[in-house]
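Take a look at the chain below. This report walks through it one region at a time.

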Amino acid sequence: MPSELVIVYHRQPYEEVEVDGTIEYRANKSPNGIVPTLKSFFGKVENAAWVAWKEAEDTSNPGFDRVINIEDSFGKYTVYRLPLTGAQVKSFYHVTSKEAFWPILHGFKEKYNYDPVDWPTFKEVNWAFAEAAAAEAAPGASVWVHDYNLWLVPGYLRQMRPDVRISFYHHTPFPAADMFNVLPWRGEIIDSLLACDVVGFHIPRYASNFVSCVRSVHDVGNVPRRPVEPDMISEGSALSDRTVPTEIRTEERTVQLGVTPVGVDVDYIKRLAESDTTAKLAERFRDEIGETRVLLSVGRTDYTKGGADQLLAFERLLERRPDLRGVVRLLHVSVPANRAMTVYEPIQKELEEIAGRINGRFGTFTFQPVALISRAVPFDELVAWYQVADVAWITPLADGMNLVCKEYVAARTDGDGVVVLSEFAGAAVEMGAAVLANPFSTRSMDYAIDMALDMPEEERRARIALLRTSVEKRDTQHWAADQLALLSPADFGSESQESEIA
Ligand code: GDG
């Protein structure tokens, strides 16, 4: 059945597990919070579809049904599995997206790798995604495309289906023109994005940067701006802006710029945090660690996440403050998103080397200051650790948003805990009550972790209360209401619909 909402995201919205010869579809275990967030939209419309790729040896005869119907706790929806060969996936995702686009999006020109990019394959895969979305979309449907690996989908889809409303959301940062224009395909990418009705970003800075990139390719005249809400400005922090562009007018259409930070499912995390199972787990962890103070860091293994710099900051902490030796531990959860991607191997090695050195220098037979965990921790255990950890230490070098810091805040139903957060995570503009740190400055990193460890309880509680207010305000429901209203104002934007969504 044609769908009025089609979500286009590279990954399938479940994990396929074979049990006694039959395929079962289970909730994703992968360390990426976005899939459940997107699935939460399915409860809000009658007919929804999801387009994702699935590997096949022969794409014309893939050996699986392209279209399946799923019913799970999120609702009923259709999944269109686009067959791609292993070589296509490697080329469009692991190489072009991760080796060329990802470093530029995050401001790492020196890691940009042009040579292996196969642009015709990238275009061919994006075209196939657009065809699949066109096949699933009902007349006038809303099609919501996610992330840079599908940058060319909007332009192709507009050619195939001029009737649909297209929105594109960036989960990463969006860089300014002097960084973005390293990409030789910049004109094609910008033109595809200008075929959208809405282009979405987490924070005002990324929308402004996008405008600078558009302007370097086209004259789009005046771009109107509005003031940024005061609670989206962390005074003096690196990513805060005072005004935000609202739309770009081209000859063909008006492209709205939707700025809404992705949030976390606060109700779900609260329920989990308050459950007996979590309470027992947290109690067990507390018994195990005794009087030790815990710093917790969670993220994917990626150079953008600043894992090595953080471990070095921890090493300096133990050098600088002998009083903390044997007293403070760092639980560093760093999970590779995809072990097939060799580009992340050197980072894993570096983390292991520094963690090993710290444990060698400051550990004893019974006490290891760093626990480096390289496999995914089940989410209920993670929530129990959020409750036990004295400090959430989240210091990426660049991060579109960062959901871990928000999950930590949501899980602290006891109203205690400290967040040390990088100024270069999008979340920093909303979370000014965190201890903000500049991960490019050793002095700032050292100061922030000292401040977090020495913070009096009263101040901790005051800050986390402010953070809870902001995380609760901009949760997934808020994102859903905002994004859906932009995506299809006629269907979702009315007051009655909005209150249903909220
Ligand atoms: C992209 C952008 C943006 C991590 N380790 C484990 C685990 N996780 C979960 C966390 C969290 C998610 O993974 C990571 O979310 P982030 O937001 O930190 O990061 P990215 O994966 O880089 O996502 C990012 C996001 O898109 C949304 O727009 O915020 O900036 O880069 O939910 O909990 N979960 C479990 N075990 C782990 O070991 N269960």
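## Around Arg158

Leaving aside its neighbours within four places in sequence, which residues is Arg158 in contact with? The model is predicted, so the reply comes from computed coordinates. The contacts of Arg158 are Val164, Ile166, Ala195, Cys196, Asp197 and Arg253, once neighbours within four places in sequence are left aside.

Arg158 has its place in helix H4. Is Arg158 buried or exposed? Its relative accessibility is 13%, so Arg158 counts as buried. The cut-off for buried is under 20% relative accessible area.

Asp147 is found in the loop between S7 and H4. Leu152 lies in that loop between S7 and H4 too. Asn149 has a relative accessible area of 1%, so it is buried. Leu152 comes out at 3% relative accessibility and counts as buried. Asp147 is buried as well, with a relative accessible area of 10%.

Now the contacts, with neighbours within four places in sequence left aside. Asn149 is in contact with His10, Phe92, Tyr93, Ser97, Phe122 and Asn126. Leu152 is in contact with Trp119, Phe122, Lys123, Asn126, Glu188, Ile189 and Ser192. Lys98 is 54 residues away from Leu152 along the chain, and 16 Å separates their C-alpha atoms.

Most residues other than glycine have a negative phi. What is the phi of Asp147 near? It is near 75°, a positive value in a residue other than glycine.

Asn402 is another case. Its phi is near 95°, again positive in a residue other than glycine. Asn402 lies in the loop between strand S17 (391-394) and helix H13 (404-411). At 8% relative accessibility, Asn402 counts as buried.

## Aromatic pairs

How many aromatic pairs does the structure hold? There are 30 aromatic pairs. One of them joins Tyr14 and Tyr25. Their ring centres are 4.7 Å apart and their planes stand at 65°, so the pair is edge-to-face. Planes over 60 degrees apart fall in that class. Tyr14 lies in the loop between strand S1 (3-8) and strand S2 (15-19), while Tyr25 lies in strand S3 (residues 22-26), so the pair ties together parts 11 residues apart in sequence. Tyr14 is buried, with a relative accessible area of 5%. Tyr25 counts as partly exposed, at 34% relative accessibility.

Trp119 and Phe122 make a stacked aromatic pair, 5.0 Å centre to centre with 15° between the planes. Both residues lie in helix H3 (residues 119-136). They are 3 residues apart, about one turn of the helix. An α-helix has 3.6 residues a turn, so residues three or four places apart point the same way. Trp119 is buried, and Phe122 is too.

## Charges over rings

Where does Lys98 lie? Lys98 lies over the face of Trp102, at 3.8 Å from the ring centre. Another case involves Lys111. Its charged end sits over the ring of Tyr303, 5.0 Å from the centre.

## Helix H7

Helix H7 (residues 204-217) has 14 residues. At 1.5 Å a residue, they should span 20 Å. The end C-alpha atoms are 21 Å apart, which agrees.

Which residues of H7 are buried? They are Pro204, Tyr206, Ala207, Ser208, Asn209, Phe210, Val211, Cys213 and Val214.

## Around the ligand

How many residues surround the ligand? The number is 25, and the closest are His171, Arg300, Val377, Asp399 and Glu407.

Some side chains place a polar atom by an oxygen atom of the ligand. For Asp399, the distance from a polar side-chain atom to a ligand oxygen atom is 2.5 Å. For Glu407, a polar side-chain atom lies 2.5 Å from an oxygen atom of the ligand. His202 has a polar side-chain atom 3.3 Å from an oxygen atom of the ligand.

Definitions and conventions: Residues are numbered from 1 along each chain as its sequence is written. This is a predicted model: local features need pLDDT of at least 70, side-chain atom pairs count only at pLDDT 80 or more; totals for chains, interfaces and linings use all residues. Side-chain values use heavy atoms; hydrogens and water are left out. Buried means under 20% relative accessible area, exposed over 50%, partly exposed in between (1.4 Å probe, protein chains only). Contact means heavy atoms within 4.5 Å. Rings of Phe, Tyr and Trp (its six-membered ring) pair if their centres lie within 6.5 Å; planes under 30 degrees apart count as stacked, over 60 as edge-to-face and the rest as tilted. Helices (H or I, at least four residues) and strands (E, at least two) are DSSP runs, numbered from the N terminus. A charge sits over a ring if NZ of Lys or CZ of Arg is within 6 Å of the ring centre and within 35 degrees of the ring normal. The expected span of a helix is 1.5 Å times one less than its number of residues. A residue is near a molecule or strand if one of its heavy atoms lies within 4 Å of it. A polar contact is a pair of N or O atoms within 3.5 Å; within protein, one must be able to donate a hydrogen and the other to accept it, and residues adjacent in sequence count only if both atoms are side-chain atoms.
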